[in-house]
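Trainee: I would like to learn how to read salt bridges in a structure. Can we go through one together?

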Amino acid sequence: MPYTILMIASTSFFSDYGNHVRILEEIRALQRRGHRIVLVTYHNGDDIPGITIYRSWDVPWIKRAVVGSSRHKLYLDVGLGWRALRTALALRPDIIHAHTHEAAAIGLPLQKLLRRPLILDYQGSMTSEMLDHGFIRQTNPLFLPLTRLERMLNRSADAVMTSTHNAANLLRRDGSVPEDRLFTITDGVDTERFRPYDGSPAWAAQRAELRAQLGIPPDRRIVVYIGLLAPYQGTNLLLEVARHLCQKYDDLHFLIMGHPDPQSYRNLAASLGIADRVTLPGRIIYRDLHSYLALGEVAVAPKMSLTEGNGKIGNYMAMGLPTVAFDTPVNREILGPYGFYAKRGSAEDFAAQLELALTNRELAAERAAGARARAVAELSWERAAIAIEAIYAAAIARRRQSLADEENVEA
């Protein structure tokens, strides 16, 4: 049966990066199957046609997207909680679906008030993200209470959906989520839109036009990256890799797409002497992303987190791009045997693997073809929506049984 779903996203949806793409594609896939979704989120971000979005109260001094851990979220989440409460009371949803632990903290009182299942869409450890962003240190007195809060939210959810099996295994070892409430819904990709460059005249003309718009000379081989720009995402390390390889290859160019604050990375590229070999266009609209990725000969994913997903890799795979990434359980899970893997955190090894992907054409083509086939076979949003439906149904049935048991005890 169709469900009415209240989604809570403690982020500036929509802002054209990983977690937002997951939220967007989950909503679209569930809508195609007849479900009604209402999303509550922060005051800023782009509206998406066809998606009902209710936003928290306006904060005039915050206009750009709030990315990662931030002290501003302390009051942004208060506003989001108020909006979520008002929306939930009016909507009376069948399911409360929270994206991130902050959203789960907002959803927990609604779970108790409305007696509806709370689903935690787990994108990674809340405290690990804070450590990655440098927002908190393990020596901080707040670290232990925040860790306990995270575990409590994991336990309180009627189901926890991770984006990788690696994250699910970490939660199993942690012991905070019962096995029958733990599920993995991998990030999907639209393999019709994200597909390999076919060399057709129309597509070749589009590529040439896009190159010209970006100011990239036609004789250069392009390495592409899409995602957030931040040290923990590996952006600084990627520029060091670019400096090293651009000294060896005159025809190499790096197209590093994403936000926030691309200007600071343009300044860093200039200080490294590679300003003319690196293009940082800023935010790329998601609907146009496939066109930009099609410019690439090789794709890179230098993210170093051990707990978060890495959804961009699915797009690279579907595009048929050889992909260089750090050797982490998450990346191995997504790419399997078809990636070029570097020792985690090593710029030198990352440069060596990127050089291999650029120079060994036969090996690169073989791995890219394998990755494309894997994406087509395994990374479907339709398959994900069917699995999410089953999670909803099980959570609703379990909660109804629990309520019936309580009534019997009272009787």
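Trainee: Is Arg283 buried, partly exposed or exposed?

Mentor: This is a predicted model. Arg283 has 33% relative accessibility, so the residue counts as partly exposed, because that class lies between the 20% limit for buried and the 50% limit for exposed.

Trainee: Which residue forms a salt bridge with Asp16?

Mentor: Side chains of opposite charge can pair when their charged atoms come close. Here Asp16 pairs with Arg283, and their closest N and O atoms are 2.5 Å apart. The two residues come from distant parts of the chain, 267 residues apart: Asp16 sits in the loop between strand E1 and helix H1, and Arg283 in the loop between strand E10 and helix H10. Asp16 is buried, at 9% relative accessibility.

Trainee: With which residue does Arg283 form a salt bridge at Asp46's end of the chain, and what is that distance?

Mentor: The partner is Asp46 itself, with the closest N and O atoms 2.5 Å apart. Asp46 lies in the loop between E2 and strand E3, so this pair ties together parts that are 237 residues apart in sequence. Asp46 is partly exposed, with a relative accessible area of 32%.

Trainee: What does Glu389 pair with?

Mentor: Glu389 forms a salt bridge with Arg33, at 3.0 Å between the closest N and O atoms. Glu389 is in helix H15 and Arg33 in the loop between H1 and strand E2, 356 residues apart. Glu389 is buried at 16%, whereas Arg33 is partly exposed at 34%.

Trainee: How many salt bridges are in the whole structure?

Mentor: The search finds 18.

How values were computed:
Residues are numbered from 1 along each chain as its sequence is written. This is a predicted model: local features need pLDDT of at least 70, side-chain atom pairs count only at pLDDT 80 or more; totals for chains, interfaces and linings use all residues. Side-chain values use heavy atoms; hydrogens and water are left out. A salt bridge is a side-chain nitrogen of Lys or Arg within 4 Å of a carboxyl oxygen of Asp or Glu. Helices (H or I, at least four residues) and strands (E, at least two) are DSSP runs, numbered from the N terminus. Buried means under 20% relative accessible area, exposed over 50%, partly exposed in between (1.4 Å probe, protein chains only).
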